[in-house]
Amino acid sequence: PSFGSGTPRALHPCPQSPCKRGGCRERERDQEQQPASSSTSQAAMSNETAVADFDKLLQQEAFDQGTKVAQIFSGIFFAGLALWLTTANGGSLAFVQRAALEKRLTVCCFINMYVAMFSTFFNIFQLTNVDDAILPTNGGFTLDLARPIEWVLTCPLMQLSLVLMGGAKLPDYRRYLMPSFSIAILSCGTVAAFMPIMSLKILCFVLGVILFLTMASFNRLQIIEYSSGAECFKNGDSEFRKATLLLLCTWAPFPTWFVMSPEGFGIITNVLIIQVGWAFLNIVSKFTFIFYIQRIKDLYCNRLKTKRELTGNANGTKKMFGVSGGGMHGSMSPPDFEMGGHMIMPGMDAQAYEMADKDAKREKLNAVVIETMNFLGMAQNTDRFVRLLEQADVICIADVEKLNQEKCEKLSLPFELVQALQKRVKVWKMDLVDEAEMELERGEEHYIKKLMDTPQGDHQMQMQMQ
């Protein structure tokens with residue numbers, strides 16, 4: 001207020017003198033422009049950051065794609081190298097199928113080694129994100145493609161092992177048919193998992209089940225062919241039948257678990273339970289089959305060792321015309337033949353041949369008796385049982401097969417042991433005797449009889465002329 005008058009004077013908003021009001025307006029204008037300039041600079045900085053982040057994202061995506069391409073490229077080439085090495089260093093499967101059982105079991109164990117190696121690689125590969133695939137149904141479940149790829153590469157090899165184990169009794173086309181069934185079944189399951197329409201998913205699943213049942217029917221047929229009609233799914237004691245049933249029984253839960261999982265109809269959605277279930281089924285099916293085939297091989301080698309020790313023949317059978325001595329082809333020895341510890345000579349009489357033949361058959365029977373008594377845990381009584389059989393004039397496997405309870409009581413033979421021996425004889429004839437070996441024995445018997453019919457002098461004259 002002004003002094004000396006009653007009229008108040010208007011207050012100036014600026015505390016400075018009126019002469020400086022122009023500077024005050026400039027300050028107000030600067031204060032109004034500061035927020036606009038700061039927001040512009042912040043927007044520019046955020047744009048630069050977004051561009052930098054986008055560039056990093058593009059670089060990371062390019063790096064991931066390059067890594068994926070390099071891994072796929074390397075995997076294809078190493079897989080081709082493995083197949084080439086297998087083909088170059090392995091024999092023909094047709095030859096293996098007709099080889100001796102010892103050779104066939106060895107090849108089956110090598111095949112199982114590849115099964116274990118493939119399973120190891122693809123289970124580790126599932127830890128990466130390269131094989132992740134999002135399913136179109138059941139909430140976008142992420143599927144590890146390495147798992148079905150592993151099964152496609154390993155399950156056909158397991159079926160191939162059964163065919164090779166069956167040997168020449170099985171048709172040649174089974175080497176291609178049985179693995180093809182496995183590939184087709186797994187392909188149906190994989191396609192069903194990616195089907196967005198439920199009706200198509202059900203159709204693929206039903207087709208896979210039909211193929212599985214068809215494959216199982218061929219496995220049943222193989223058991224009948226291997227045993228020459230003596231065995232089937234329901235009864236039998238051969239190792240081939242047990243291995244086939246083991247494989248099918250461990251494969252049967254897979255379709256059920258597929259239905260329960262999000263890959264099928266999504267009844268179970270817990271990811272941990274699903275993954276643990278697949279891992280458990282995979283481990284059980286492969287471990288049991290691989291260990292059982294290895295066990296069959298070990299048991300067979302022990303049987304073969306026992307048989308060779310009893311017959312005194314390191315090679316399983318004696319060659320009729322031995323090759324010995326130096327030179328590339330050696331020198332031909334006289335065509336003598338050792339049978340049951342007796343030397344078959346030209347012009348030998350029938351009585352001596354019959355004695356040698358009985359000794360050879362007795363040695364085969366003794367090998368089966370030893371295995372049976374060891375299996376029953378009665379190895380300490382083996383000699384006693386062998387003496388009883390000899391006293392009862394049971395000298396060959398054919399005589400054991402003719403025994404029944406009435407004959408055993410008449411001959412004072414323990415029927416329980418005889419019955420166990422008869423069961424073991426069936427397994428022995430299917431699992432130990434090869435078709436090639438039987439043909440060799442028939443050929444040897446033919447030439448032995450021919451050799452016996454040749455007079456000693458005539459034979460020596462023929463050798464001198466040669």
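Biologist: How should I read the accessibility of Ile72 in this model, and is Ile72 buried, exposed or partly exposed?

Modeller: This is a predicted model, and in it Ile72 counts as partly exposed because its relative accessibility is 47%, a value that falls between the 20% limit for buried and the 50% limit for exposed. Ile72 has its place in helix H1, which covers residues 21–89.

Biologist: Which residues form a nonpolar patch on the surface together with Ile72?

Modeller: The patch consists of Ile72, Phe73, Ile76 and Phe77, and together these residues have about 460 Å² of accessible area.

Biologist: Turning to charged residues, what is the general idea behind a salt bridge, and how many salt bridges does the count come to?

Modeller: Side chains of opposite charge can pair when their charged atoms come close. Here the count comes to seven salt bridges. One of them joins the side chains of Glu225 and Arg174, with a distance of 3.0 Å from N to O. Glu225 belongs to helix H6 (residues 198–226) and Arg174 to helix H5 (residues 174–193), so this pair links distant parts of the chain, 51 residues apart. Glu225 is partly exposed at 22% relative accessible area, whereas Arg174, at 1%, counts as buried.

Biologist: Which residue forms a salt bridge with Glu239, and where do the two partners lie?

Modeller: The partner of Glu239 is Arg295, and their closest N and O atoms are 3.9 Å apart. Because Glu239 lies in helix H7 (residues 239–251) and Arg295 in helix H9 (residues 271–311), the pair ties together parts that are 56 residues apart in sequence. Glu239 counts as buried at 7% relative accessibility, while Arg295 is partly exposed, with a relative accessible area of 41%.

Biologist: What does the salt bridge between Glu371 and Arg424 tie together?

Modeller: The closest N and O atoms of Glu371 and Arg424 are 3.5 Å apart. Glu371 lies in helix H10 (residues 350–375) and Arg424 in helix H14 (residues 415–431), so the pair ties together parts 53 residues apart in sequence. Both Glu371 and Arg424 are buried. Elsewhere, salt bridges that share partners join Arg98, Asp172 and Arg175 into one network.

Biologist: Finally, how many disulfides does a search of the whole structure find, and what is the case of Cys109?

Modeller: The search finds zero disulfides. For Cys109, the nearest cysteine sulfur is that of Cys108, 7.0 Å away, whereas a disulfide needs the two sulfur atoms to be within 2.5 Å. Cys109 is buried, with a relative accessible area of 16%.

Conventions
Residues numbered from 1 in each chain as written. Predicted model: local features only at pLDDT ≥ 70, side-chain atom pairs only at ≥ 80, totals over all residues. Heavy atoms only, no water. Patch = residues over 30% accessible without salt bridge, like charges linked within 9 Å, V, L, I, M, F, W, Y side chains within 5 Å. Areas by Shrake-Rupley, 256 points an atom, 1.4 Å probe, with all protein chains shown as cover. Salt bridge = Lys/Arg side-chain N within 4 Å of Asp/Glu carboxyl O. Helix = DSSP H or I, 4+ residues; strand = E, 2+ residues; numbered from the N terminus. Buried < 20%, exposed > 50% of the residue type's maximum accessible area, 1.4 Å probe, protein only.
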